[in-house]
Amino acid sequence: MIHEDKALIRARIRTQRSQRRVCTSADQRARERAQLAALWPEVLADFGFSSASVSSAPVDETALTSVSSPPAQGASFLPALFISSPSEPDTAGLLQACEWCLIPGLVDPDGKAAIGVAWTYVDSRPQTAEPMEAKLESIVSTGPRFTPTCIESADELAKADLIVVPALAVDARGVRLGQGGGWYDRALEHARPGVPIIAVVFDNEFFSDPRDYLPVEPHDQRVNGVLTPSGYTRLIHNSR
């Protein structure tokens with residue numbers, strides 16, 4: 001596979017995901033969401049973050065809101081996450097497990113496509129300092145292009161302590177195959193050096209056999225771990 005064209009690999013995986021989406025029941029999707037969330041403490045512990053980084057309160061699915069400004073200086077652990085599309089592993093449980101996080105701001109507050117890389121804050125605490133109408137189920141059902149209250153510049157990613165990214169596939173060297181638009185390649189240029197990057201894929205999209213290694217280019221950002229519904233694997237020490 002290492003000599004196979006990236007476009008062909010993407011096309012094959014997208015076809016597999018489309019078929020999977022058709023065949024996956026709502027119950028199975030919910031189980032996969034719960035499985036990813038249950039593995040989150042293991043991911044945090046692997047990089048030295050305490051259990052305090054995980055919300056221990058019962059999840060209120062009406063509490064997740066887009067907030068208009070970052071939390072106060074010196075606030076707790078900040079991950080950068082993403083809202084999954086219906087064809088990706090369901091990351092809603094990860095958002096629920098965090099008090100607050102950064103997510104890609106693909107749409108501006110006016111509902112127009114954001115120009116360049118941007119981020120927005122999401123707060124999942126039961127009582128927020130500034131309650132908003134955007135709730136978890138609304139955000140999740142809208143998907144990655146939900147309309148936030150406010151967006152921040154690409155530099156905001158430098159505040160993240162851990163970054164979780166989508167992928168179509170990942171191999172054991174940490175090579176990540178994205179959608180091909182280069183959004184995360186540009187976004188990750190603003191991450192702090194040494195911050196761990198974790199990719200989320202389905203089980204069959206993690207390629208541990210060298211014969212299945214992905215093609216890699218100089219600009220590709222490698223990841224430090226891979227999270228699938230069945231487990232978490234540390235891949236490489238951070239070389240950024």
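Buried means under 20% relative accessible area, exposed over 50% and partly exposed in between, with a 1.4 Å probe and protein chains only. By that cut-off Arg29, Glu32, Arg33, Leu36, Leu39, Trp40, Val43 and Leu44 of helix α2 are buried. This is a predicted model, in which local features need pLDDT of at least 70 and side-chain atom pairs count only at pLDDT 80 or more, while totals for chains, interfaces and linings use all residues. Residues are numbered from 1 along each chain as its sequence is written, and side-chain values use heavy atoms, with hydrogens and water left out.

**Helix α2**
- After α2 comes Gly48, which has a positive phi near 85°.

**Nonpolar cores**
- A nonpolar core is a set of buried Ala, Val, Leu, Ile, Met, Phe, Trp, Tyr and Cys residues joined through side-chain atoms within 4.5 Å.
- The largest such core has 49 residues, of which Trp40, Leu81, Trp119, Leu162, Ile163, Val164 and Leu227 touch the most other members.
- Helix α2 gives the most to this core, with five residues.
- Leu227 is in contact (heavy atoms within 4.5 Å) with Leu36, Leu39 and Val43, among others, leaving aside neighbours within four places in sequence.
- A second, separate core of eight residues includes Val175, Leu177, Phe207 and Leu214.

**Annotated binding site**
- The unreviewed UniProt entry annotates as "binding site" Arg176, Leu177, Gly178, Gln179, Gly180, Gly181, Gly182, Trp183 and Tyr184; positions follow the numbering used here, feature names are shortened, and annotations may be inferred rather than shown by experiment.
- The lining of the largest pocket includes Arg176, Leu177, Gly178, Gln179, Gly180, Gly181, Gly182, Trp183 and Tyr184.
- On a 1 Å grid over the protein atoms alone, a pocket is an open set of points with protein on both sides within 12 Å along at least five of seven lines, and lining residues have an atom within 4 Å of a point.
- Leu177 lies in strand β8 (residues 176–177) and counts as buried because its relative accessibility is 1%.
- Tyr184 lies in helix α5 (residues 183–187) and, at 9% relative accessibility, counts as buried.

Note on methods
1 Å grid on protein atoms, 1.4 Å probe; cavity = no way out; pocket = protein on both sides within 12 Å on 5 of 7 lines; lining within 4 Å. Helix = DSSP H or I, 4+ residues; strand = E, 2+ residues; numbered from the N terminus.
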